[in-house]
Amino acid sequence: MGSPWKGFVEFTLPASPPAAFVSADLSSTSPVGLSLSPYGRSMSFDPSLLHSNGFANGTGVGLRETGVVEKLLTSYGFIQCSERQARLFFHCSQYNGNLQELKIGDDVEFEVSSDRRTGKPIAVKLVKIKAEVLPEERISGQVVSAIPNHLDGKSAPGQVPTGSVCYERNGEVFYLTYTPDDVEGNMHLDTGDKVSFYMETNKHTGAVSARNIVLVKKKQMRCQGVVCATKEAFGFIERADVVKEIFFHYSEFKGDLEALQAGDDVEFTIKDRNGKEVATDVRLLPQGTVIFEDISIEQFEGTVTKVIPKVPTKNQNDPLPGRICAKINATEKELLFGEKDTKSKVTLLEGDHVQFNISTDRRDKLERATNIDILPDTFHFTKETREMGVIAAMRDGFGFIKCVDRDARMFFHFSEVLEESPLHISDEVEFTVVPDMLSAQRNHAVRIKKLPKGTVSFHTQSEQRFIGVVEKETTGASNTKTNASPSKGKEKDAEEGVIAYEDCGVKLTVPYHIKDLDGSVFPQLGDKVEFAISEVKRTGQQSAVSIKVLNRTTNTKRLLGFIATLKDNFGFIETANHDQEIFFHYSEVCGNVDNFELGDTVEYTQAKGKGNKVSAEKVTKIPPVNGVGEDVSSNVFLGKVIRPLRSVDPSQTEYQGLIEVLEEGSSKGQNYAFGIVGMTNKGDCLQKGELVKFQLCTIPQTGQRMACSVVPQRRALVECVKDQFGFITYEVGESKKLFFHMKEVQDGLELQAGDEVEFSVILNQRTGKCSACNVRRVSECPKPVATPRPDRLVNRLKSITLDDASAPRLVIIRQPRGPDNSKGFNVERKLCKVSVIE
């Protein structure tokens with residue numbers, strides 16, 4: 001016997017089961033076909049217990065009705081009838097179709113049957129009917145409310161996510177709803193998208209909705225980017241949303257085109273033209289708006305495994321060709337880098353130990369190394385050969401290095417200097433030599449590092465000292481070449497001297513130069529000397545250095561003097577007695593003549609040349625001594641120059657100048673001589689007739705009383721000022737005016753014509769022209785007083801009336817304007833009360 005439960009369907013009851021369909025006796029089976037489990041959680045339904053043909057007692061013909069699914073649960077639901085006000089129960093087993101496609105609001109067709117036990121009507125044989133579509137007319141509209149992404153196709157049971165579109169008819173805007181199923185192609189629509197659709201009206205509810213929605217045009221989104229290149233009439237923008245560049249024409253830029261430049265932040269709209277995307281409606285954004293990447297705060301260390309080629313190949317399209325290997329968070333990682341990722345332009349080599357930050361691109365999350373800086377210990381890791389040298393010359397952006405191990409000077413660019421501090425001529429450096437990428441025959445210096453002073457040496461000097469005899473005395477170029485006088489500041493060309501000596505029983509000779517003398521004694525032929533041997537590292541050439549004279553075959557007396565005059569290639573020395581001057585040529589100077597200044601103390605040897613004229617030879621600068629004299633008086637005298645030095649007036653025969661005392665007293669009218677050493681400012685050019693203040697001192701050798709600490713007392717008026725220079729009304733020689741430069745004015749004051757000034761006069765020894773220095777303003781010129789208007793003009797103005805036809809007419813040629821370019825006064829003028837100050 002078959003089971004009486006065959007064909008029954010189990011379904012879950014709601015919290016309060018409908019009384020119309022459930023027996024009152026919940027513990028037993030109802031004859032109608034509904035049975036409740038002992039736990040009251042489920043019930044069963046047997047279709048065979050229904051009346052046949054949908055009517056009670058099996059009578060009547062089954063009629064079909066339509067309705068709308070009002071409620072839908074797991075195994076049953078309710079239908080709202082369309083033709084009458086009725087709400088019918090139905091079981092899901094009575095639905096003819098895929099139950100998953102049935103949703104609340106769907107139109108269904110069904111037959112009405114009755115429950116045999118209760119006689120209540122229920123719906124059976126359900127069929128889903130398609131909604132009635134309006135006439136085939138596509139309507140253009142726009143999405144006004146898109147279905148949220150997180151709800152697209154996902155919703156609570158019985159609920160369908162919806163969006164809305166709008167369209168315009170006869171000046172009015174209408175809104176329609178739509179569901180994801182109404183969009184063709186399962187495409188997600190965004191607010192603002194242009195669409196076309198059909199309208200559909202539900203005949204039961206009267207609700208109008210959009211169906212068969214097709215995307216016509218996506219909304220034009222505003223994109224951002226940075227201008228990466230500008231040409232004559234167009235440019236390119238690096239987009240901030242994708243790793244891609246986009247073209248734009250200057251006609252699409254809305255703003256001042258002259259101000260547009262690479263690196264500017266912009267926003268734009270993308271349009272399709274001839275099958276290509278272009279940027280339109282380009283507008284500037286505040287600087288810093290667009291950010292492509294996030295840079296780590298933490299710094300990392302790594303090793304360069306691949307460098308960027310200096311000359312890119314034709315097939316190289318990789319914008320980040322460099323590679324750095326680093327250990328990050330206990331993981332070995334290889335990072336990319338490009339040309340712009342290094343802090344400086346210093347050449348990187350494989351194996352370099354570097355420090356860097358990590359940049360993460362917001363668009364594609366690509367990580368790369370940036371802010372790359374070479375660490376000081378990198379030279380311990382690379383296999384490069386380091387050389388040393390001295391900066392020999394510098395130009396605009398580049399320079400040359402004198403190498404220790406090479407003959408040729410090495411070119412370098414300033415961008416290859418590792419330190420931020422600038423280099424100077426004579427700085428000692430360390431560098432690497434690499435071939436030039438454009439010319440393999442040429443080398444240049446890279447990775448230049450500044451060294452402490454004294455590190456670089458071009459020579460090696462022996463610790464052993466040797467004894468020898470001067471075989472050949474060094475001579476200056478002036479002794480061998482007539483009319484060839486070296487100018488001041490140029491290294492004179494001198495012949496080498498030769499010293500003979502013995503080393504391990506072998507007789508040898510070694511050359512020497514004047515610059516290698518140790519002390520002021522000049523070696524002569526036959527002198528016994530002590531010296532060390534220096535060898536040039538590059539060539540191995542030897543020479544004698546640190547030469548000291550031990551004894552002489554002849555005694556030459558060395559005299560003391562003071563530099564009195566310096567010309568182009570010669571000068572004069574004031575003797576120790578300050579009463580004469582002796583000529584010397586720059587070729588006789590031991591050392592650098594550029595270091596000589598007026599008043600410097602020197603040693604020299606006196607010799608006689610052609611015509612029995614006395615001159616100084618082997619002139620050597622020595623530390624200063626008390627050349628003025630002793631027993632300097634504390635009294636300060638006022639005097640007048642009655643004879644200048646011969647350097648000021650070459651026509652006079654006497655070298656010394658003379659000062660006459662003007663002050664009342666026992667010394668009035670007495671004359672005292674002075675020399676270059678007696679002047680406070682050795683460069684001052686004292687003229688005949690000038691007033692001076694001075695003291696007196698005694699010369700130990702002669703006992704003569706001379707003037708010292710001579711200071712001129714000059715005052716004059718400024719005649720005129722022209723930009724960076726001017727003239728003072730002061731007579732010097734044949735000139736009635738004295739030139740001065742504005743940089744010589746003390747305290748940075750701006751002088752005006754008529755100002756009274758104090759100053760010093762200096763003589764250019766080479767040009768023979770005088771100029772003023774140390775200019776100090778004593779008093780300003782009086783302010784000009786406005787000249788009163790003549791009485792005849794005043795009387796004329798008083799007699800003129802506005803009606804006078806013969807009166808002069810005024811024509812306005814330019815309207816007056818205020819500082820803010822406005823007419824009149826913007827601020828309201830107020831009447832001030834007496835003795836009240838606001």
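User: Let's start with one side chain. What is the relative accessible area of Glu293?

Analyst: Glu293 has a relative accessible area of 24%, so it counts as partly exposed. Keep in mind that we're looking at a predicted model.

User: Which residue does Glu293 meet in a salt bridge?

Analyst: The general idea first: side chains of opposite charge can pair when their charged atoms come close. Here, Glu293 meets Arg368, with 2.5 Å from N to O. That pair ties together distant parts of the chain, as Glu293 belongs to strand β19 (residues 293-295) and Arg368 to strand β24 (residues 367-374), 75 residues apart. Arg368 has 17% relative accessibility, so it counts as buried; the cut-off for buried is under 20%.

User: How many salt bridges are there in the structure?

Analyst: There are 41. Another one joins Arg558 and Glu603, whose closest N and O atoms lie 3.9 Å apart. Arg558 is partly exposed, at 24% relative accessible area. Then try Lys737 and Glu719, which meet at 3.8 Å, N to O. Those two sit 18 residues apart, Lys737 in strand β49 (residues 735-741) and Glu719 in strand β47 (residues 716-722). Lys737 is partly exposed at 38%, and Glu719 is partly exposed at 36%.

User: Which residues are linked in a network of salt bridges?

Analyst: Asp352, Glu384, Arg386, Glu430 and Arg447 are linked that way.

User: On to strands. How do I read a sheet, and what is the strand order in the open sheet of five strands?

Analyst: Strands of a sheet pair through backbone hydrogen bonds, either parallel or antiparallel. In this sheet the order is β44-β43-β42-β45-β46, and the pairing is antiparallel. The edges are β44 (671-674) and β46 (705-712); each has a single partner strand, so one side of each has no neighbour in the sheet. On average, neighbouring strands are turned by 45 degrees against each other, direction ignored. For a pair to trace by eye, take β42 (residues 637-643) and β43 (residues 657-661), which are antiparallel over four bridges. Along that pairing, Lys640 stands opposite Glu660 in β43.

User: And nonpolar cores? Which residues touch the most other members in the largest one?

Analyst: In soluble globular proteins, nonpolar side chains tend to be buried together. The largest nonpolar core here has 19 residues, and Ile659 and Phe694 touch the most other members. Elements giving two or more residues to this core are β36 (558-566), β42, β43, β44, β45 (691-698) and β46. The biggest contributor is β45, with three residues. A separate second core has 18 residues, including Cys685, Val718, Phe759 and Cys770.

User: What is Phe694 in contact with, beyond its neighbours within four places in sequence?

Analyst: Among its contacts are Phe637, Leu638, Ile659, Val661, Tyr672, Ala707 and Val710.

User: Now a loop residue. Where is Val625 found, and what does Val625 touch?

Analyst: Val625 lies in the loop between β41 (614-621) and β42. With 42% relative accessibility, Val625 counts as partly exposed. Setting aside residues up to four places away in sequence, Val625 touches Leu560, Phe562 and Thr601.

User: Zooming out, how many helices and strands are there in the protein chain?

Analyst: One helix and 51 strands. Buried residues make up 38% of the chain's 838 residues.

Technical notes: Residues are numbered from 1 along each chain as its sequence is written. This is a predicted model: local features need pLDDT of at least 70, side-chain atom pairs count only at pLDDT 80 or more; totals for chains, interfaces and linings use all residues. Side-chain values use heavy atoms; hydrogens and water are left out. Two strands pair if DSSP finds at least two bridges between them. Axes are lines fitted to C-alpha atoms, for helices over the stretch in contact, and angles run from 0 to 180 degrees between N-to-C directions. Buried means under 20% relative accessible area, exposed over 50%, partly exposed in between (1.4 Å probe, protein chains only). A nonpolar core is a set of buried Ala, Val, Leu, Ile, Met, Phe, Trp, Tyr and Cys residues joined through side-chain atoms within 4.5 Å. Contact means heavy atoms within 4.5 Å. A salt bridge is a side-chain nitrogen of Lys or Arg within 4 Å of a carboxyl oxygen of Asp or Glu.
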